[in-house]
Amino acid sequence: MAAITEDHLIDSIADALQYISYYHPQDFVQAMTAAWEREENKGAKDAMAQILVNSRMCAMGHRPICQDTGAANIHIKVGVETPLALKRSLQDIADEGTRRGYLRDTNPLRASVVVDPFGERKNSGDNTPCMLTVEMVEGDKVDVEVAAKGGGSENKAKFTTLNPSGNVADWVVETVETLGAGWCPPGVLGIGVGGNADKAMALAKQALSEPLDMADLLRRGPSNRTEELRTEIYERVNALGIGAQGLGGVTTVLDVKVKSWPTHAASLPVGLIPNCAATRHVHFTLDGSGPAVFSPPSIDDYPEILLDAAGVQSRKLDLDNLTDEVLASLTPGETLLLNGTLYTGRDAAHKRMIDMLDRGEELPVDLKGKAIYYVGPVDAVGDEAIGPAGPTTSTRMDKFTDRILGDTGLKVMIGKAERGPMALEAIAKHKAVYLVAVGGAAYLVSKAIKEAHPVAFQDLGMEAIYELKVQDMPVTVAVDTGGNSIHRSGPAEWKKKIAEKA
């Protein structure tokens, strides 16, 4: 058997990261399509339609499914009899593959990894280091699992240690109900049971790469305790009514994957990690014959869904004429098509604006009567105005909201998922509104952006403030001028409807 070289690993990892940036796993597409077909809430159904249309567009255009192209999660299983021709550490080799994958000119991926996590938090610029785990196994080959994990879903990871008699399903369901929609449901839950703290979380992460087979499992019925746990959690979480993007609906999870390990007699460790609507992973095996080869799926495997029918009924909102009367007429759950001027701004930009206001300095942009979009886009290529530009989790901006609304006169915020009590109070106080775009439909959203120009804080990279010109950008009203939230009323309504049918 020929030796596996550094170039075999580097080229394979780089190609894998490109591949998963624009191809959903086909089992995920199938599960999402089935969920879309059975969804009863129009708002949630429209959100899933956008996710599926976006997926097909990305597969055809070879552009990222989500603007958050994730941290590179790489798990390498090295067969103990494998001939290796390596001089550097596996971390260095995997980082080189990550670097080349993220900096590819034809499809540059967003660098999101920051170094010195509790200090300056400077972006590494190439998304390194990757999150590498290594395992020695029997055999003479190298198996590699490559995944790109976005921050929105990763931030919702949870761990607990139950008593040995504790109920895993109860803890998972109660925990998921508190997560909100920042992890971009519908997605997949990875659950690790046993081991210790680090082992349980590793199991949960590994579980997310297993094939989705919940539809088959439900048809044939569970045959062991693990499958019983999977189906119980699946049915109970979906009964919560959270729905796609937290808008309320019959599907919150597409599948539940569980891996377990022996544990201490006094413990029952449980790890929970959700995967979002931008689930991205691929597996390959190296045997010394060269780098891995990735076969593209057939475009025929993607459903053809037209969004025009829904769009015809959507109200157009002129972002350059946001009067109090117009804003007051918007209702939670209403779908809109945005037109006009839109500014971008995320955590770092908000923090810098607050610092400037504290010093009595004039802001570089006039936000009075304007709208801001919480987004960190991918760099544009070719004739694109902007790269994939889906929303980021809005709760990270909650602590800035009252000050920004009060001191700048900003009237509209656009992001994803719910707002917390602090932000809801500020929105009602200042008679502003909060809108949501679909997380997991970044390429589709970017097509509504016709112009993009950096106007402030360009040193912040993807967190700089841009002025955008948008045409028919699809959004949903999440919070009205009275502070009423669809993320509260929608799930509550659908939880009740589901319970009445049970």
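Me: How far is the sulfur of Cys 58 from the closest cysteine sulfur?
Reply: In this predicted model, the closest cysteine sulfur to that of Cys 58 belongs to Cys 66 and lies 9.4 Å away, which is too far for a bond.

Me: And is Cys 58 buried or exposed?
Reply: Cys 58 is buried, its relative accessible area being 0%.

Me: What about Cys 276, which cysteine sulfur is nearest there?
Reply: For Cys 276 the nearest is the sulfur of Cys 184, at 5.8 Å, and Cys 276 takes part in no disulfide; since the cut-off is 2.5 Å, the count of disulfides comes to zero. Cys 276 is also buried, with a relative accessible area of 10%.

Me: Switching to helix α9, what caps its N-terminal end?
Reply: Asn 224 does, with a side-chain oxygen placed 3.2 Å from the backbone nitrogen of Thr 226. The helix itself covers residues 225–238 and spans 20 Å from first C-alpha to last, close to the 20 Å expected.

Me: Which elements cover the buried residues of α9?
Reply: The cover includes α2, α6, β9, α8, β10 and α16, and the buried residues of α9 include Leu 229, Ile 233 and Val 237.

Me: Now the open sheet, what is the strand order?
Reply: The four strands run in the order β6-β2-β7-β12 with mixed pairing, and β6 and β12 stand at the edges, each having a single partner strand, so one side of each has no neighbour in the sheet.

Me: How many bridges join β2 to β7?
Reply: Eight bridges join these antiparallel strands, and Ala 71 stands opposite Lys 149 in β7.

Me: Which strands does α1 touch?
Reply: Helix α1 packs on the sheet and touches β2, β7 and β12, its direction making about 155 degrees with that of β12.

Definitions and conventions:
Residues are numbered from 1 along each chain as its sequence is written. This is a predicted model: local features need pLDDT of at least 70, side-chain atom pairs count only at pLDDT 80 or more; totals for chains, interfaces and linings use all residues. Side-chain values use heavy atoms; hydrogens and water are left out. Buried means under 20% relative accessible area, exposed over 50%, partly exposed in between (1.4 Å probe, protein chains only). Helices (H or I, at least four residues) and strands (E, at least two) are DSSP runs, numbered from the N terminus. The expected span of a helix is 1.5 Å times one less than its number of residues. Contact means heavy atoms within 4.5 Å. A polar contact is a pair of N or O atoms within 3.5 Å; within protein, one must be able to donate a hydrogen and the other to accept it, and residues adjacent in sequence count only if both atoms are side-chain atoms. Two strands pair if DSSP finds at least two bridges between them. Axes are lines fitted to C-alpha atoms, for helices over the stretch in contact, and angles run from 0 to 180 degrees between N-to-C directions.
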